[in-house]
Amino acid sequence: MSEHYYSNKPQVESKPRKWKFTLLGSEFVFETDAGVFSKSEVDFGSRVLIDTFEMPVIEGAVMDIGCGYGPIGLALAKAHPDRFIYMMDINSRAIALAQKNAEINGIQNVRIIESDGLANVTPQTEIAAILTNPPIRAGKETIFKFYDEAYGMLVASGELWVVIQKKQGAPSTVSHLEELFTEVEVVEKKKGYWIVRAKK
C-alpha cells in the first residue's frame, strides 16, 4: 500500500529542510519534511485560498482543516492577531512541524491538534470560519465528511472556504455544499483552482 501525506504516521525517512516564503505581506520561515504535503514551497492552491479569504464580520475563531505544516493557519494568525486559529491534521509529522513553525515565527494565537477531520476537536469558542485545502486523493467520501463536520461546527452565518481544482471535483463540491449551506459562491477561479465560499 502506498503512503500518502494524509497518513497518520508517515514511515518515509525524515529529511527536514527550511525555507522562507512571504504570505499576506509577512515573511515566514517554514520547516518541512518528507511525508508532508507540498514540502518544497507553499502550494499554489493554498496561496490562492490565503489571498482570497476574507474574514467574516461575525466574531469567533477560525479553523484550518488539514493544516499540514501550517501555511494557511499561520498566515491568517499572523495577519489577524485578534482571532484565535485552530489548526488540525491527521498527519503526526505535519502537526509537529506546524507546532515548530508557529514557534519559529513567533505566533501564539493558535492551537494545533492531531485529528482525523474534526474528530478530536472541541473548541472553547464559537467558530466563525473554516478553511480547507482538502486531501483530494483521500477520496470524495472523506472530503464530503469534512464539509459535513464543518457545517456542524460553524455558528449561524459562519463560512466555509474551500480550494479545489475543477478537474478534481470542484463542481461536485459546490453541489454538495449547496445541499448544506444557505449561500454558496465561487469567489475566485485561477489556473483551474476554484475558491468556494459557503455561508451557513
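Me: What's the radius of gyration of the protein chain, and what would a compact globule with 200 residues have?
Reply: The protein chain has 16 Å, which agrees with the value near 16 Å for a compact globule with 200 residues. That radius is taken over C-alpha atoms, and the globule rule is 2.2 Å times the number of residues to the power 0.38. This is a predicted model, where local features need pLDDT of at least 70 and side-chain atom pairs pLDDT 80 or more, while totals for chains, interfaces and linings use all residues. Residues are numbered from 1 along each chain as its sequence is written, and side-chain values use heavy atoms, leaving out hydrogens and water.

Me: How much of the protein chain is buried?
Reply: 50% of the 200 residues, with buried meaning under 20% relative accessible area (1.4 Å probe, protein chains only).

Me: New topic: how many aromatic pairs are there?
Reply: The search of the whole structure gives 10. Rings of Phe, Tyr and Trp (its six-membered ring) pair if their centres lie within 6.5 Å; planes under 30 degrees apart are stacked, over 60 edge-to-face, the rest tilted. One of the pairs is Trp19 with Phe21, edge-to-face at 6.0 Å centre to centre and 80° between the planes.

Me: Why is the pair of Phe53 and Trp161 edge-to-face?
Reply: Because their planes are at 75°, with the ring centres 5.1 Å apart.

Me: And are those two buried or exposed?
Reply: Phe53 and Trp161 are both buried.

Me: Which residues do ring pairs link into a cluster?
Reply: Trp19, Phe21, Phe28, Phe30 and Tyr69.
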